[in-house]
Amino acid sequence: MKFERKSGVLLHPTSLPGSYGIGTIGKAAYEFVDWLETAGQNLWQILPLGPTGYGDSPYASFSTFAGNPLLIDLDMLVENGWADKKECKPADYIKKDGNVDFGAVVWWKMPVLKKAADYFSKNANTEDVNLYKDFCKSKKAWLDKFAVFMSIKSYYDEKAAVEKPENSMWNYYWPKELASCQEEAVKEWNKTHKNDIEQYKIIQFFFDYQWNKLKIYANSKNIKLIGDIPIFVAGDSADVWGNQKYFQLDKDGRPNCVAGVPPDYFSATGQLWGNPLYDWDEVKKSGYEWWIARVKRIFELTDVLRIDHFRGFEAYWSVPAGESTAINGKWVKGPGLDLFKAIRKKLGDIPVIAEDLGVITDEVRELRDNAGFPGMKVLQFAFSADEAKQNGMINAFLPHMYNTSDCIVYTGTHDNDTLQGWLENCNGETLCLVSEYILGKKIDEEKARSLVKNGSLRKEMIKTAIASNAVYAVIPAQDIIGIDNKGRMNMPSTTGANWTWRLSKGQLKASAAEELKFLSKTYGRNINQN
């Protein structure tokens, strides 16, 4: 599909300010859309929207179809008459400002949402009830299994907290007939846990209703939403539990092999992600129906799709289950172009971005190009003093090396240092290389450091990205406001403080909007703006 030249901002909704505990899709989300419009931007990129589990990663969700309940705005529920205002007050330990404390937010907000679901069941008017019924009917293919999964999981998680088994995931601790998703056992659970299951469905209706209103508002401002889909799904998910034949599992539902990436320059032992791997032969037999449904769902919520770890469709790193590192894995061929032909046949010529970072071979590039997907360029990856010495300035991530406008440029992604943090941590040789390339003149280290300190070099790098011939230029919000690594979203292969950063009220200033608007207009990314 042909992409039009545009620019925009990367910001996950959890990072929005102004609401208790966590960013939501309420008032602050609409204000951010208004800011994007003022800034002359046409794109808002987000991370995956699914409900998060242990580690709080949006790339490890309980469902690839469901929405994250924590994003639901309670004030909007009250305004709709779907929740009791008295029940929506934040707990004493929940703060309005500062980073997200996911554990505290879940402990407070999920019971509030369940009470709101009960309130809706008793008090919703006929029109709203019909909206809910229509939602349940249209999303039945994934909603029923998700609600049952969460109901069973909630019950056995509470039990696990007391008995402390080795592993409380469904394929370790649930009764065998439920773990294997036997039809009769699931039916019986439905009978005995109707209210609990209904709560999960209504909460998903809340999310869907609020998100769709926000999407309509953004689209009315000529702003497209860029969604994100991980190639792999979490083992502890309704996706794996309800579709076990599509994954490489043993008779007890446990992975035979798991996902990761091999050892490389960054890690001598590779990265062991632990996701169950697909049984691509079985997925293909179905006509790729589950994958097609997954992509279709993303396009219900967003306008453009970014596929994470695209190289895994050409070949994926398969590690035997039980390994402590990714060293003993092997490359196994993926579905290749066949999958994307099937998706295109069902869904048409949809706009897809391939996250083609990491160990990229000629075969991966060929798959990306044959699929017709633009790849990604990350400006932070463009500057290696060692590579410059060996090869000159021919790094493929440097803007003058982009050999096609069919690529997306980022100053950095959610997995990188913030741009300001990266510049502050560059060694002298690399910093001089960056400064001379960006500014086009000889600069010594002392001068370069002063340009970093006053934010000038960061702003020049943003200008370089927007001025490039990449079809999309996407700038993380952290890079626009100039925060250092306190604003970093994720440090891969670590747990603890990831995914928690939030904007403070007023950090996205009108002056920054004016600067972005000028750059986007000057470099032809929004030629229709005033």
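In this predicted model, helix H9 (residues 194-220) and helix H12 (residues 289-301) have axes that come within 9 Å and cross at roughly 60°. That angle makes H9 oblique to H12. No disulfides turn up in a search of the whole structure; the count is zero.

**H9 and its contact with H12**

- On the H9 side, the contact is made by Phe-207, Asp-208, Trp-211, Asn-212 and Lys-215, and on the H12 side by Arg-297, Glu-300 and Leu-301.
- By class, the residues of this contact divide into three nonpolar, one polar and four charged.
- H9 has 27 residues, which at 1.5 Å a residue should span 39 Å; the C-alpha atoms at its ends are 39 Å apart, so the two values agree.
- Asn-222 follows H9 and has a positive phi, near 65°.

**H17 and H18**

- Gly-428, Leu-431, Cys-432, Ser-435 and Leu-439 of H17 meet Glu-445, Ala-448, Arg-449, Leu-451 and Val-452 of H18.
- The residues of the contact between H17 and H18 divide into six nonpolar, two polar and two charged.

- The buried residues in H1 are Ala-28, Ala-29, Tyr-30, Phe-32, Val-33, Trp-35 and Leu-36.
- An α-helix has 3.6 residues a turn, so residues three or four places apart point the same way.
- Strands E1 (6-10) and E2 (43-45) are among the elements against which the buried residues of H1 pack.
- The helices that these H1 residues pack against include H2 (74-79), H9, H20 (477-481) and H21 (510-522).
- Gly-40 follows H1, with a positive phi near 70°.

**Cysteines**

- The closest cysteine sulfur to that of Cys-136 belongs to Cys-181 and is 19 Å away, too far for a bond.
- Cys-136 is buried, at a relative accessible area of 17%.
- Cys-407 is also buried, and its relative accessible area is 3%.

- Tyr-288, a residue other than glycine, has a positive phi near 60°.
- Tyr-288 sits in the loop between helix H11 (280-285) and H12, and is buried with a relative accessible area of 4%.
- Trp-499, likewise a residue other than glycine, has a positive phi near 70°.
- The loop between H20 and H21 holds Trp-499, which counts as buried at 5% relative accessibility.

**The loop between E11 and H16**

- Thr-413 is placed in the loop between strand E11 (407-410) and helix H16 (419-425).
- With a relative accessibility of 13%, Thr-413 counts as buried.
- Apart from neighbours within four places in sequence, Thr-413 is in contact with Leu-10, Met-376 and Val-378.
- Thr-418 lies in the loop between E11 and H16 and is buried, with a relative accessible area of 4%.
- Leaving out neighbours within four places in sequence, the contacts of Thr-418 are Gln-380, Gln-478, Asp-479, Ile-483, Asp-484, Asn-485, Gly-487 and Arg-488.
- Thr-418 is 199 residues from Asn-219 in sequence, and their C-alpha atoms are 28 Å apart.

**Met-110 in H3**

- Met-110 belongs to helix H3 (residues 102-123) and counts as buried at 17% relative accessibility.
- Setting aside neighbours within four places in sequence, Met-110 is in contact with Pro-69, Leu-70, Val-105 and Ile-203.
- Of these contacts, Pro-69 is 41 residues from Met-110 in sequence, with a C-alpha to C-alpha distance of 7.6 Å.

Technical notes: Residues numbered from 1 in each chain as written. Predicted model: local features only at pLDDT ≥ 70, side-chain atom pairs only at ≥ 80, totals over all residues. Heavy atoms only, no water. Axes fitted to C-alpha atoms, helices over the stretch in contact; angles between N-to-C directions. Helix = DSSP H or I, 4+ residues; strand = E, 2+ residues; numbered from the N terminus. Parallel < 35°, antiparallel > 145°, perpendicular 65-115°, else oblique. Contact = heavy atoms within 4.5 Å. Nonpolar A, V, L, I, M, F, W, Y, C, P; charged D, E, K, R; others polar. Buried < 20%, exposed > 50% of the residue type's maximum accessible area, 1.4 Å probe, protein only. Disulfide = S-S within 2.5 Å. Expected span 1.5 Å × (residues − 1).
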